Amino acid sequence: MIDFDELDKVLICEIQGDIPISADPYGDIAQKIGYQKQDVLNRLKYYAEQGYVKRVSAVLHHRYSGFSVNGMFASKVDSEKVEVIGKKLAQLPQVTHCYERRTYNEWPYNLYAMIHGTTKIEVEQIVKNFSKEMGIKDYNILYSINEFKKSSMKFF
Amino acid sequence: MDSTDKKLLNMMQRGLPICEFPFEEISKELGIGTQEVIERIEALKVNGFIRRIGAVFNTKKMGYKSVLIAMAVPEEKVIEAAEVINYYDGVTHNYLRDNHLNIWFTLSVRNNEEKMSIINEIIEKTGVDKLYEFPAEKHFKQEVFFDMERVVND
């Protein structure tokens, strides 16, 4: 981790939430935090080059954007097959997140995927087809009933 | 929402160019004026399609580790427990799901001490004595993109 200086801290504060939607957003930020626009832009480019910032982008409210159903697929896959099956699962366009995770005796699921669809039927069909193809017999789909929190990380 | 809005949403999800005038770059690609791009984005925000436009950080690179945590909370205590959990800045996602393990949240922390102190506080305040930690052992995908040009919801 870099040693963040004062400009980093105030700049990250400005960009971790919403940037101004204006013709000159970084000029606006620079003015607000009292630095030169070029310094702000240079830092931002540095963050992107170094991988601290993946991108500057829009995060959608998927519920209102047509992808209203969010199911967490939790499946039990043989440990020697998890790599191959995980990579296949990750290729599905409806899958946004896919991980191998720790298991417990009472919760033996090791392969997870967040699946977003326009309907529950769509999500179920995706899971059914995939599980059949991969020979996965033990799985759960945990649908989200309520979103208590969805935010982005605040670093400073 | 028209086809220009859908294209705009797809472009903005993929990322704005990191340059002096990002919205002007987008306007050129869409073949409309910068002012129109700004107005369209404002409208998409007001209408609830866009949650935020800003930097997406690599939390790991920023010095944090994230863990998915699940717990089984009795139905009558769910709202109270959700409030306890939401209090922490490191909790960025918190969902009620249809399973006996019904509350699922992500926690990002700087170190193990911070994690344990938050977990212990949650246990104490909610009275749920078992939290299941599901750290990721392997990452296969983390790529949120909703193809708006695929959805029909004019």
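How many residues does the contact take from chain B and from chain A? It takes 62 from chain B and 64 from chain A, where two residues are in contact if their C-beta atoms, placed from the backbone, lie within 7 Å. The model is predicted, so that local features need pLDDT of at least 70 and side-chain atom pairs count only at pLDDT 80 or more, while totals for chains, interfaces and linings use all residues. Residues are numbered from 1 along each chain as its sequence is written, and chains are lettered from A and ligands numbered from 1 in the order in which they are written.

On the side of chain B that touches chain A, the elements giving two or more residues are α1 (3-14), α2 (22-30), α3 (34-46), β1, α4 (78-86), β3 (91-97), β5 (132-134) and β6 (136-142) of chain B. Strand β1(B) provides the largest share of that side, with eight residues. Sorted by class, the side of chain B that touches chain A holds 30 nonpolar, 17 polar and 15 charged residues. In this sorting, Ala, Val, Leu, Ile, Met, Phe, Trp, Tyr, Cys and Pro count as nonpolar, Asp, Glu, Lys and Arg as charged, and the others, Gly among them, as polar.

We can now turn to the chains themselves. Chain A has five helices and five strands, which follow the order α-α-α-β-β-α-β-β-α-β from the N terminus on. Chain B has five helices and six strands, and its pattern along the sequence is α-α-α-β-β-α-β-β-α-β-β. These elements are DSSP runs numbered from the N terminus, with helices (H or I) of at least four residues and strands (E) of at least two.

The C-alpha trace of chain A spans about 60 × 35 × 25 Å along its principal axes, and that of chain B spans about 60 × 35 × 25 Å.

Buried residues make up 33% of the 156 residues in chain A and 31% of the 154 residues in chain B. A residue is buried if 20 or more other C-beta atoms, placed from the backbone, lie within 10 Å of its own, exposed if 12 or fewer do, and partly exposed in between. Among contacts in chain A between residues at least 6 apart in sequence, 57% join residues at least 24 apart. In chain B, residues 24 or more positions apart account for 59% of the contacts with a separation of 6 or more.

Helix α1 (residues 6-15) of chain A has L11(A), I12(A), E14(A) and I15(A) as its buried residues. They lie on the same side of α1(A) because they cover an arc of only 155° around the axis, the arc being that of the directions from the helix axis to the C-beta atoms. E6(A) and K9(A) are exposed on the other side of α1(A). The cover over the buried residues includes α2 (25-33) and α3 (37-50) of chain A together with β1 (50-57) of chain B.

The axes of α1(A) and α3(A) come within 11 Å and cross at roughly 80°, so α1(A) is roughly perpendicular to α3(A). Axes are lines fitted to C-alpha atoms, for helices over the stretch in contact, with angles from 0 to 180 degrees between N-to-C directions; angles under 35 degrees count as roughly parallel, over 145 as roughly antiparallel, 65 to 115 as roughly perpendicular and the rest as oblique. L7(A), D8(A) and L11(A) of α1(A) make the contact with D39(A), V40(A) and R43(A) of α3(A). By class, the contact has three nonpolar, no polar and three charged residues.

In chain B, the buried residues of α4(B) are A81(B), A82(B) and I85(B). Their arc of only 105° around the axis puts them on the same side of α4(B). They pack against β5 (139-150) of chain A together with β3, β4 and α5 of chain B.

R110(B) lies in the loop between β4 (103-109) and α5 of chain B. It is partly exposed, with 13 other C-beta atoms within 10 Å. Not counting residues up to four places away in sequence, R110(B) touches G63(B) and Y64(B).
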